[in-house]
Amino acid sequence: MKTLHFCVILPVMIKLIELNDNEALKAMENGDFSEEILKSAANVIVIMTQSWCPDWIAQRAVLATMTGQEDLKVYYLEYDKKDYKSDFIYFKETNFANSLIPYLRYYKNGRFEIDNNFGSRRRVNNWLKA
């Protein structure tokens, strides 16, 4: 009797990584996120948002359904939960000139490429392919 063995390859889901306070404070001090974050993968998205935002809830859902992105890391900061909330809002709005949430910044090989306020599945995939 022969035994058949099957190899099942499960898709790699995008994992959202929460930025710690030290990373957020360094960004405010240096004008952008650290090289450790920005070069942690070939493609990096940093999302700045507030936990209550309906668009952030939708953005998380979009990212949670994306697979096969081994060369992508996605970091997020819900700054409304932080003691430095006001300082971070000021930083984001003046340094990045964006007052909307969520705010996404896209980096390839550690270099800033584009930004927007919502990354649809198509938009993120198109950016990854560019």
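Phe96 is buried, and so is Tyr103 (buried means under 20% relative accessible area with a 1.4 Å probe and protein chains only, exposed is over 50%, and partly exposed is in between). Keep in mind that this is a predicted model, where local features need pLDDT of at least 70, side-chain atom pairs count only at pLDDT 80 or more, and totals for chains, interfaces and linings use all residues. Residues are numbered from 1 along each chain as its sequence is written, and side-chain values use heavy atoms, leaving out hydrogens and water.

**Aromatic rings**
- The structure holds 7 aromatic pairs (ring centres within 6.5 Å, using the six-membered ring for Trp; planes under 30 degrees apart are stacked, over 60 edge-to-face, the rest tilted).
- Tyr79 and Phe88 make a tilted pair, because their ring centres lie 5.2 Å apart with the planes at 35°.
- Tyr79 has 2% relative accessibility, so it counts as buried; Phe88, at 0%, counts as buried too.
- Phe96 and Tyr103 are also tilted, since their centres are 5.9 Å apart and their planes sit at 45°.
- One aromatic cluster takes in Tyr79, Phe88, Phe91, Phe96 and Tyr103.

**Helix packing**
- Helix α1 (residues 21–30) packs on helix α4 (residues 85–95) at about 45°, with axes 10 Å apart (helices are DSSP runs of H or I, at least four residues, numbered from the N terminus; axes are lines fitted to C-alpha atoms over the stretch in contact, with angles from 0 to 180 degrees between N-to-C directions).
- On the α1 side Ala24, Ala27 and Met28 meet Asp87, Phe88 and Phe91 of α4 (contact means heavy atoms within 4.5 Å).

Definitions and conventions
Helix = DSSP H or I, 4+ residues; strand = E, 2+ residues; numbered from the N terminus.
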